[in-house]
Amino acid sequence: MFLLLLKFDSEVSEFLSVLKYGTRNVYSRGLVAFQEFYSSQGSIKDFLDCVEQDRLLPRNQRKRVDRVTLNGFVAWLKDRGYSPKTIRIYVGAVQSLAKYFDIPISLRYVQLPPAQPVNKKHPWTIEGVGDFIALMDKPLYRSIAASILQSGLSLSDLFALKYGDIKEEFEKGTTPICLSLTRKKTGIAFITFLGYWSVKLLKDYLADQKLNDDTPIYNVSSRAAHAYFRKSAQKFAGKFKGRNPYSPHSLRAAFRTFLSDHKVDPLYIEFWMGHKLPEQQGAYINKSIESWRQTYKEQAEPWLTPPQYKEDSIT
């Protein structure tokens with residue numbers, strides 16, 4: 001994050017400094033992209049100056065710098081394969097920056113891609129998840145899928161894991177493995193676990209790999225993972241159009257559903273998923289790692305392990 005701030009001029013850094021953690025992180029990426037797009041014409045500060053100067057001209061002399069530039073930015077992002085949602089967010093970052101400095105920019109005549117509909121997720125059963133993962137022909141993706149289901153992690157938080165995060169318990173054979181993390185999106189500290197089944201698939205994937213503490217456990221891009229899940233989903237369910245209802249995020253949603261269906265304490269579920277808890281209830285989840293491990297093993301792991309794999313697990 002600080003590296004991003006160092007690339008910006010003081011005005012942009014000032015704007016980012018007043019944002020909440022999650023928004024700041026996303027808007028930083030958007031403004032980095034805009035700065036790259038605009039670099040042949042100048043800095044982001046130069047863009048804001050040009051917009052202001054253009055508006056001081058008589059109506060018939062104005063070049064509509066804001067509208068023309070943002071339409072060019074949209075086309076530039078599309079050419080680089082950014083999703084419609086990301087394009088809208090990145091353009092919104094530029095609009096918010098301008099608004100912060102009292103330069104309102106309307107997006108009415110900016111050719112933004114249409115907002116995508118809410119991604120409908122497949123209504124998983126635990127047996128179905130087991131069958132879906134069994135269809136995958138690569139140990140990497142079998143491990144990713146099982147890890148998301150058993151930990152409730154988002155894909156971005158899973159991909160942020162380094163070998164050092166699991167090394168001690170993984171090499172000792174301790175299960176469930178405790179993950180003590182801070183969410184990339186929100187900065188919230190939390191813990192969750194990898195159960196015996198996902199650890200077994202992780203061992204299969206990591207076999208014969210040379211690892212050090214800083215090695216990413218899953219050295220693959222989010223785009224590649226989504227593409228593989230889509231390919232596997234079409235093998236599993238047949239051809240479909242639009243968003244993939246069998247996406248990695250659908251397995252994170254299944255984590256919540258399976259535990260909720262079996263009456264696991266909602267606060268436990270929220271904590272394991274890295275969601276912000278009401279301040280007055282923080283003391284309620286103040287337990288030791290070993291206490292949490294036992295709670296997860298007894299109350300969560302049985303419902304997050306497909307029955308076809310339970311004979312291999314430690315009960």
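## Basis of the model

Helices (H or I, at least four residues) and strands (E, at least two) are DSSP runs, numbered from the N terminus. This is a predicted model, in which local features need pLDDT of at least 70 and side-chain atom pairs count only at pLDDT 80 or more, while totals for chains, interfaces and linings use all residues. Residues are numbered from 1 along each chain as its sequence is written, and side-chain values use heavy atoms, with hydrogens and water left out.

The predictor's confidence in each residue is given as pLDDT, from 0 to 100. The protein chain averages a pLDDT of 90, and 93% of the residues score at least 70. Where pLDDT is low, the predicted coordinates should not be read in detail.

## Overall architecture

The protein chain has 15 helices and two strands. Its C-alpha trace spans about 80 × 45 × 40 Å along the principal axes. Of the contacts in the chain with a separation of 6 or more, 66% are accounted for by residues 24 or more positions apart.

Residues are classed as buried (under 20% relative accessible area), exposed (over 50%) or partly exposed (in between), with a 1.4 Å probe and protein chains only. Of the 315 residues of the protein chain, 44% count as buried. The chain exposes about 17,000 Å², of which carbon and sulfur atoms supply 51%; these accessible areas come from the Shrake-Rupley method with a 1.4 Å probe, and for residues only the protein chains shown count as cover.

Val-12 is found in helix α2 (residues 10-17) and counts as buried, because its relative accessibility is 2%. Not counting residues up to four places away in sequence, Val-12 touches Leu-31, Ile-44 and Leu-97. Val-12 and Leu-97 are 85 residues apart in sequence, yet 7.3 Å apart in space, C-alpha to C-alpha.

## Pockets

Rolling a probe the size of a water molecule over the atoms shows where empty space is left. On a 1 Å grid over the protein atoms alone, a cavity is a set of points where a 1.4 Å probe fits but cannot get out; a pocket is an open set with protein on both sides within 12 Å along at least five of seven lines; and lining residues have an atom within 4 Å of a point. Grid points are joined across faces, edges and corners, and a volume is the space filled by probe spheres set on the points. In the classes used for linings, Ala, Val, Leu, Ile, Met, Phe, Trp, Tyr, Cys and Pro count as nonpolar, Asp, Glu, Lys and Arg as charged, and the others, Gly among them, as polar.

The largest pocket holds about 2,000 Å³ of space. Its lining comprises 40 residues, and Ser-83, Lys-85, Thr-86, Ser-222 and His-226 lie nearest its centre. Helices α3 (21-38), α6 (84-100), α9 (155-159), α12 (222-237) and α13 (248-261) each supply at least two residues of this lining, which divides into 13 nonpolar, 15 polar and twelve charged residues. The second largest pocket has a volume of about 180 Å³. Its lining has seven charged residues, one nonpolar and one polar; α4 (44-55) and α5 (65-79) each supply at least two of the lining residues.

## Cavities

There are two cavities of 30 Å³ or more. The largest cavity contains about 40 Å³ of space and is lined by Asp-137, Tyr-228, Lys-231, Ser-232 and Lys-235. Three of these lining residues are charged, one is nonpolar and one is polar.

The second largest cavity has a volume of about 30 Å³. Its lining has seven nonpolar residues, one polar and no charged residues, including Ser-147, Leu-158 and Tyr-218.

## Backbone features

Most residues other than glycine have a negative phi, and most peptide bonds are trans. A cis peptide bond joins Thr-175 and Pro-176, with omega about -10°. Pro-176 lies in the loop between α10 (167-172) and β1 (177-182).

Arg-64, although not a glycine, has a positive phi of about 50°. Arg-64 is found in the loop between α4 and α5, is partly exposed with a relative accessible area of 30%, and is among the residues that line the second largest pocket. Asp-102, also not a glycine, has a positive phi of about 60°. Asp-102 lies in the loop between α6 and α7 (126-135) and counts as exposed, at 69% relative accessibility.

Methods:
Contact means heavy atoms within 4.5 Å.
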